[in-house]
Amino acid sequence: MLREYLPVLLQIIVAIGFAASALLVSIVVGKTGKRTGAKDSAYECGMVPQGEGQSRFSVRFYLVAMLFILFDLEIVFMYPWAVVYKEAIAQSSLVFWSMLSFISILMVGYVYALKKGALDWKK
Amino acid sequence: MIPPPSLEIAVLVLGMVILMLEAFAERIDKRILAFATIGALIAVLIGTWFLAPSPAQEQATGFWSFYTADPLSIFFKRFALLTTILVLIMMIDYAPVVLASIPSTKKQTGLGEFFAIPIFTCAGLMYLVSAIDFIFIFVSLELVTISFYVLVSFTRHNPATLEAGVKYLVLSALSTAFLVYGITWIFGVTGQTNLQRITAALANPEIERGPALFGMVLVLVALGFKIAAVPFQIWVPDVYQGAPTPVTAYLSVGSKAAGFVVLLRVLRPFLMLPQMERLIVLIALLTLLYGNLAALPQSNLKRLLAYSSIAHAGYLLIGVACFDGPAVTFYLVAYLLMTLLSFAVLVIVAQQTGEEISDFDGLAKRSPFLAFAMLIAMASLAGVPLTAGFFGKFFIFYAAIAQRQTALVVVGVITVACGFYYYLKVVRAMYWQPAAKVDNISVNVLSRLAMSALIVAIVWLGIYPAPILEALRR
């Protein structure tokens, strides 16, 4: 069984070997230019960068994004449920009540978020 | 008779009701929510005696093939409920610290959530001890862990707590990744996620054992993180020290007990593989040595209890290595009583003076009751006869001797002696050092009642352990 993985091992060796040799050759053969302030800057031949690399923005973006994902994902569960609903409801009402309990759990979360002002941008 | 899963559902509904009350009833004193929760959880605890148990060990209930209500799980449901009730009592004492840490114009901001989230943890623990399918184990473990993320970093304006929260989040997420990866390996080999079917599949001689063993080792990494076994213990001291004290108590009792129940269930299919036992013996030895030796120089009591929690994981792992379920369970019960008692005292004393051992100087003069409670807790943690901790260790070592695990017994006994030194250091501070301050420390009625009950339980189990053993052997 392990023999089947031989190509994978070979590929790993080739990948590491290529990266290592490329680095090695550039050190041995390549020339190092004179170091200047312009040479060491982030964009050697571009605009001079201004301000910070990562600007700060409000933590509310995360909050809203997280809530969006949370309440958006319920649709993923509801589509397959809606597809099989007609056949399943003929056998028992379990399929209806389980979705209702799921929605009501989400509803509690939604009401809580609303009441605590998580969706109120100005607050 | 109550059908088994209804208790967990009741706890979940209770959690949502408390959350809604917190959101809408803004005027009330939020401590009322905690009292209501404690009352409701006691009602659920009484309800566990009316459960209809499954006739056989690990037999699935009804159409839920992933859920069992065997006697072991019902016992640990009571365990989870009792832990949560005691932690909530501690949280009421801890409320001023939480309020002080959250700057807000509104009165009592955040206190309601502090009381509501443990209910969800409790529901997760109750599901977890009943889980006999890897998928269900994973989902309920996540319910426990995610609610702990919030609890650990609750007083987040304190830098130490923030550090604890981040460390817990990162390492816990990593351990979850190990768990899922391990499950996929086991599923890949056996084609099953149900533990009973995995047992049946592994009994087949044609199956490849190697990959299944690899998967099990990965699962063991994840569970080792939960129970704080060496070498997965790095997070324990910092997280235990930084987290709010009642949450630390909850982590060290609830999370650990759940980890051990899952470990006992998950290991059963893999017991026919001899490598597994050797691995657990090795982990147990390392955990015993590390936990006890690292606890020796500690001067902060919360940190000391963190290392002591690692050390106790070592003793429990001896029981797991011998696969003696009742011994492990008895030890966990003793561990629950003595750990929660010591944390309950710590919560009150830390608000008056601090968390260092030197802050306990002369506690016997300032509050004889608290000092006595701490004395009993420390004596039991060390394993002094006539306390529950002594019988816990006794049954574990008895099981190890019966299985001829000489190395485990020798190291275990030596580390017990080690434990006497650092636990009795606290007792020395309380009884033989002069107090810096002389004013009395007051204890409210509910905490006094809970602590008295814990003291009585520890001494009672230390003298007469028969009833709980009877309950376990059945």
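Predicted model: local features only at pLDDT ≥ 70, side-chain atom pairs only at ≥ 80, totals over all residues.
In what order do the elements of chain A run from the N terminus on? I started my notebook with that one. They go α-α-α-α-α, and my tally for chain A is five helices and zero strands.

I looked up the confidence next. Chain A has a mean pLDDT of 86, and 98% of its residues reach 70 or more. Among the elements of chain A, helix α1 (residues 6–29) has the highest mean pLDDT, at 94. Helix α2 (residues 37–40) of chain A has the lowest, at 77.

**Entry: the shape of chain A**

What radius of gyration does chain A have? I noted 29 Å, whereas a compact globule of 123 residues would be near 14 Å. I also took the spans of the C-alpha trace of chain A along its principal axes, which are about 75 × 60 × 20 Å. Then I checked burial: buried residues make up 0% of the 123 residues in chain A.

**Entry: where chain A meets chain B**

How many residues of chain A are in contact with chain B? I got five, and they touch five residues of chain B. On the chain A side I sorted them into three nonpolar, no polar and two charged.

**Entry: the two domains of chain B**

On to chain B. The domain assignment gives domain 1 as 1–176 + 235–260 and domain 2 as 273–474. I took the centres of these two domains of chain B over C-alpha atoms and found 22 Å between them.

I then looked at how they touch. In chain B, 25 residues of domain 1 are in contact with 29 residues of domain 2. Which elements give two or more residues to the domain 1 side? I wrote down α3 (71–101), α9 and α10 of chain B. The most comes from α3(B), with twelve residues. By class, that side of domain 1 of chain B has 18 nonpolar, five polar and two charged residues.

I wanted a closer look at α9(B), residues 235–242. Six of its eight residues are buried, so this helix is largely enclosed by the rest of the structure. I listed the buried ones: B:Val236, B:Pro237, B:Val239, B:Tyr240, B:Gln241 and B:Gly242. What covers them? The cover includes α5 (134–152), α6 (159–190), α10 (245–267) and α12 (301–321) of chain B.

Helix α4 (residues 111–130) of chain B was my other pick. Here 20 of the 20 residues are buried, so α4(B) too is largely enclosed by the rest of the structure. I also checked the length of α4(B): from first C-alpha to last, its 20 residues reach 31 Å, close to the 28 Å expected at 1.5 Å a residue.

**Entry: B:Phe395**

I found B:Phe395 in helix α16 (residues 388–402) of chain B. Why does B:Phe395 count as buried? The cut-off is 20 or more other C-beta atoms within 10 Å, and B:Phe395 has 22, so it passes. Leaving aside neighbours within four places in sequence, I see B:Phe395 in contact with B:Ala327, B:Phe330 and B:Tyr331. B:Ala327 is 68 residues away along the chain, yet its C-alpha lies 5.5 Å from that of B:Phe395.

I went looking for exceptions.

- Which residues does a cis peptide bond join? I noted B:Val230 and B:Pro231, with omega about 5 degrees. B:Pro231 sits in the loop between α8 (209–227) and α9 of chain B.
- B:Phe323 has a positive phi, near 50 degrees, and is not a glycine. I placed B:Phe323 in the loop between α12 and α13 (325–352) of chain B. It is partly exposed, with 16 other C-beta atoms within 10 Å.
- B:Leu386 has a positive phi as well, near 75 degrees. I found B:Leu386 in the loop between α15 (368–382) and α16 of chain B. Is B:Leu386 buried or partly exposed? It counts as partly exposed, because it has 13 C-beta neighbours inside 10 Å.

Key:
Residues numbered from 1 in each chain as written. Chains lettered and ligands numbered in written order. Helix = DSSP H or I, 4+ residues; strand = E, 2+ residues; numbered from the N terminus. Rg over C-alpha atoms; globule rule 2.2 N^0.38 Å. Buried ≥ 20, exposed ≤ 12 C-beta atoms within 10 Å, placed from the backbone. Contact = placed C-beta atoms within 7 Å. Nonpolar A, V, L, I, M, F, W, Y, C, P; charged D, E, K, R; others polar. Domains from an automatic or database assignment. Expected span 1.5 Å × (residues − 1). pLDDT = per-residue confidence, 0-100.
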